[in-house]
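Take a look at the fold below.

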Amino acid sequence: MPLESGKTHDWLVAVTDSLTPLFSPFNLKSLSLRNRFAMAPMTREMSPGGIPTSENAEHYRMRVEGGAALIITEGAYIDDEAASGPRADVPRLTEHAADGWRGVVNAVHDAGGSIVPQLWHVGALRGASPPLNPGVPALSPSGLDLDAGPLGEPMTTQQIDQVITSFADAAALAQRIGFDGVELHGAHGYLLDEFLWKRTNTRDGRYGTRVQMPLEVVQAVRSAVGENFAVIFRFSQWKASRYTERIATTPTELEKLLVPLGDAGVDAFHASTRRHWHPEFPDDDAVLSLAGWTKRLTGRSVITVGSVGVQTEFRGAGAAAPKNPLVIRESVEDRLDYLAEQFRAGEFDVVAVGRALVADPAWVAKVRAGHLDQVVPFDRTQHSLSGA
Ligand SMILES: Cc1cc2nc3c(=O)[nH]c(=O)nc-3n(C[C@H](O)[C@H](O)[C@H](O)COP(=O)(O)O)c2cc1C
């Protein structure tokens with residue numbers, strides 16, 4: 001990646017030096033990371049019949065050899081017939097796929113990395129007429145899609161119990177396979193997020209308390225894997241193709257969702273944003289990111305993410321510019337410099353990197369060596385963005 005005009009190599013060296021603290025180890029229960037860089041979960045549709053192959057193992061091994069300490073796998077469907085979207089080649093975390101996953105886990109461990117699977121139920125995003133298992137209707141909290149249009153029936157308590165059990169079974173299976181922890185996909189408008197969001201959760205009673213169902217998933221997962229297995233919960237304000245939607249418009253509202261999840265057994269929150277430098281509640285704090293708020297409110301470990309190492313934010317334009325001009329970050333290097341500042345300020349513990357690692361498996365190693373100018377830049381015309 002050529003340096004922008006006006007930026008000197010001395011300046012570049014200063015940026016990479018500022019990132020040195022991110023190369024310190026991080027330990028969280030069963031997770032032992034050699035540095036603070038994780039690969040963000042990214043759907044690939046490369047697992048025929050839902051079973052990962054040696055190609056998947058190689059894909060992740062290369063990122064670990066290229067310096068990433070932790071792989072958070074692409075979303076893997078839990079064992080529920082309504083968990084899947086339209087894609088047959090998305091991996092599943094089921095007994096049927098266990099041997100495939102063992103190959104992936106072994107490859108990552110052999111290369112010196114750690115790996116957690118992302119456990120996924122698509123909920124309403126299965127749609128009204130899903131091509132995969134067409135006879136199986138979508139599950140959602142209130143029989144509503146993400147635009148609050150009708151989509152079948154609200155989940156029964158029996159269906160909720162079943163899904164909770166499926167998450168717990170998937171986590172226990174992940175532990176048996178040899179993964180180092182699990183991440184629950186509670187973001188982007190999928191099932192757990194639909195319970196967290198006012199628009200899609202209009203239920204009365206027990207599960208009308210928005211956090212209740214995800215909280216019971218966390219409790220069931222914790223009880224299935226024991227105290228020492230790291231449980232990460234990914235959440236987001238934004239929803240699939242709806243980038244300005246939010247589950248919490250104030251810190252107090254966010255606190256009411258996150259603190260009970262932490263109490264239920266979440267060890268780390270993965271605050272999914274499209275721009276890590278974006279201040280989340282600028283009226284309350286001019287600079288604090290969603291990750292920073294999450295840490296401040298919960299005291300748990302936090303993973304940040306969003307346009308690290310890439311020139312454009314995830315899925316391009318659409319969101320309003322930050323109010324505070326000091327945090328409009330113009331170049332990859334400016335943003336890395338600010339990432340280091342956020343780390344020094346204690347806003348996060350681990351940073352997840354998505355598209356930059358798709359484009360260049362050795363991105364982390366190149367950053368560490370001060371070779372930012374040798375990074376293969378992400379190019380959206382060459383890399384699929386059909387993500388979850
Ligand atoms: C191709 C692609 C697939 C994705 N799949 C998932 C997924 O399976 N689960 C998930 O939580 N996020 C998914 N995401 C979002 C990424 O994890 C990440 O949050 C996003 O790309 C922003 O990070 P980046 O700017 O470093 O790419 C996907 C993103 C992309 C580009």
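Strand β9 (residues 301-305) runs parallel to strand β10 (residues 350-353), and three bridges join them. Two strands pair if DSSP finds at least two bridges between them. Helices (H or I, at least four residues) and strands (E, at least two) are DSSP runs, numbered from the N terminus. V305 has A352 in β10 as its bridge partner.

This is a predicted model: local features need pLDDT of at least 70, side-chain atom pairs count only at pLDDT 80 or more, and totals for chains, interfaces and linings use all residues. Residues are numbered from 1 along each chain as its sequence is written.

The pair belongs to a closed barrel of eight strands, β3-β4-β5-β6-β7-β8-β9-β10, with parallel pairing. On average, neighbouring strands of this sheet are turned by 25 degrees against each other, direction ignored.

Now the helices. α6 (residues 212-225) lies across β6 (181-188) and β7 (230-239), at about 170 degrees to β6. Axes are lines fitted to C-alpha atoms, for helices over the stretch in contact, and angles run from 0 to 180 degrees between N-to-C directions. Helix α4 (residues 157-177) packs on α6 at about 35 degrees, with the axes 8 Å apart. The contact residues divide into 12 nonpolar, two polar and one charged. Here Ala, Val, Leu, Ile, Met, Phe, Trp, Tyr, Cys and Pro count as nonpolar, Asp, Glu, Lys and Arg as charged, and the others, Gly among them, as polar.

V221 touches F167, A168, A171, V182, L184 and V231, not counting residues up to four places away in sequence. Contact means C-beta atoms, placed from the backbone, within 7 Å.

Terms used:
Contact = placed C-beta atoms within 7 Å.
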